Amino acid sequence: MKGSMQASHKALDRLRRGVDRFDVTGRILLVPQMPPFGTRLLVASFRAFGVPARVLETYKGLALGKEFTSGKECFPCQVTLGDILYFLKEEKRRLGKDFDPQRYVYFLPESDGPCRFGMYNKLQRIVLDRFPEYRAIPITYLSSEDAYSVAGLLPKKKARYFRRVAYVAAVIADVMDRIVWRVRPYEMRPGLTDAFMEEALQAMEKALVAFGPTRDFSRLYDLVEDIAKTAATFMDPRKPRRPKIGIVGEIYLRSHPDSNQNIIRQIEAYGGEVVDASIAEWLNYVSYERLRKAQEQCAQAWRRGHKAEALRAAKAVVHQRLENGYQSWRQHQVYGRVLRHLDIQPDHSVRHIEHFLDHDRHFSFDIGTEAALSIGGALAYIHEGFDGIVNVFPFSCMPSTVCSAVLKPLLLERRIPYVDAPYDGTSQPNRDVILKTFLYQAQQHQKARAHHTENS
């Protein structure tokens, strides 16, 4: 018994040493891809502050990810594990004897709460340790538990400014996505939008590296406005407006095109116009939840008569209110520049999403998880005139299964087309039929909505 306990303690100590926050300056930070625009701009933000980060090539190592998992993990764990194993395998083959594991740091964020995502980096630490040549590669992370504070990853002064630059970069990436989704279904020549946006993304990466350290956001805003203005000229005004489809669901699967088998392009091919929930929505939700917790701690301390504790909590409330206000201000600045030239879909505020939960009748922020955002976000889409909802998630994902159970009857009652899109890496032969049927229903809903508007 004593020996097994000692072995358990050693394993825990290894996890704590191998998954930690530390200064990554000067080391190659390996970042798994999630949203293509968002990941590349996050990496550019790291580079702006002296970290030679790079995006891992994605989905080529899926077989490796599945080989070292049991299948009980959700799909994003297998994808990201495959990405890092594939990179290290290829890097070792390319460099041979010059391969030095201490040059690299693997970056894998986590979340608190019931989602298995919070354990990915621990599991992947165990897998990497099965290879003696990879044991020296540490894993670092950011966590939703402290609203993705960058403390520890960079020197204190840099960390403060990096977080602001990275947030603005995330919003810009969201906006660039929405420019694509608004323009591409109506482009004059197939491929025009994608080709231009790749050039625009490269220009934005360079701008972030150049102006990020000085936080000269006006230069970034000028560039994103110019991108929107140019992209708007690609649209063929003769093409009629398509039914608008809102995507909600688990943040990784709905943001990672390879994992969701390019569902946005599929929907566009079948006649829809898509808006996917943004990355900033999740970041704002995490900050909003941090404020709610601080307010509750303050109230509880005051009721117990612990004045010093209540004062500390009150200071935390003020600080978080300022942080949330800053994020909202920056987000409105970016969207405002683009909306001058192109009617992209504005983002939902978290308070707006919570409003559609109808005083906790449909769900509650107290329960947490992405289900709160997906349910409220889907209902907000419907309020804004969308014609269908797609719930994208890993097979067996608990929050998304809850979301489906709540949304299905609500949207059926309102006669809104709805479809679940679970993924586990396998090819589903009936997926095309399901999506084509769903888009037909969305088109009929669009016609009925237009007819009702004309006669009202």
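Predicted model: local features only at pLDDT ≥ 70, side-chain atom pairs only at ≥ 80, totals over all residues.

Analyst: Helix α11 covers residues 279–304 and helix α12 covers residues 307–339, and their axes come within 8 Å of each other while crossing at roughly 160 degrees. Because an angle over 145 degrees counts as roughly antiparallel, α11 is roughly antiparallel to α12. The residues that make up the contact of α11 with α12 divide into 13 nonpolar, 8 polar and 4 charged.

In soluble globular proteins, nonpolar side chains tend to be buried together. Here the largest nonpolar core holds 80 residues, and the members that touch the most others are M176, I179, I263 and V390. Helix α6, residues 156–183, gives the largest share of this core, with 17 residues. If neighbours within four places in sequence are left aside, M176 is in contact with F37, L41, M197, A200, L201, M204, V224 and I227. There is also a second, separate core of 33 residues, and among its members are A371, L379, Y381 and V406.

A200 is placed in helix α7, and A200 counts as buried because its relative accessible area is 5%, where the cut-off for buried is under 20%. Apart from neighbours within four places in sequence, A200 is in contact with M176 and I227. Computed along the chain in residues, A200 and H341 are 141 apart, while from C-alpha to C-alpha they are 16 Å apart in space.

Most residues other than glycine have a negative phi, and most peptide bonds are trans. R215, however, has a positive phi near 55 degrees although it is not glycine, and R215 is found in the loop between α7 (192–211) and α8 (217–232). With a relative accessible area of 29%, R215 is partly exposed. D358 also has a positive phi, of about 60 degrees, without being a glycine, and its place is the loop between α13 (350–355) and α14 (370–383). D358 counts as partly exposed because its relative accessibility is 28%.

Definitions and conventions:
Residues numbered from 1 in each chain as written. Heavy atoms only, no water. Axes fitted to C-alpha atoms, helices over the stretch in contact; angles between N-to-C directions. Helix = DSSP H or I, 4+ residues; strand = E, 2+ residues; numbered from the N terminus. Parallel < 35°, antiparallel > 145°, perpendicular 65-115°, else oblique. Nonpolar A, V, L, I, M, F, W, Y, C, P; charged D, E, K, R; others polar. Core = buried A, V, L, I, M, F, W, Y, C linked by side-chain atoms within 4.5 Å. Buried < 20%, exposed > 50% of the residue type's maximum accessible area, 1.4 Å probe, protein only. Contact = heavy atoms within 4.5 Å.
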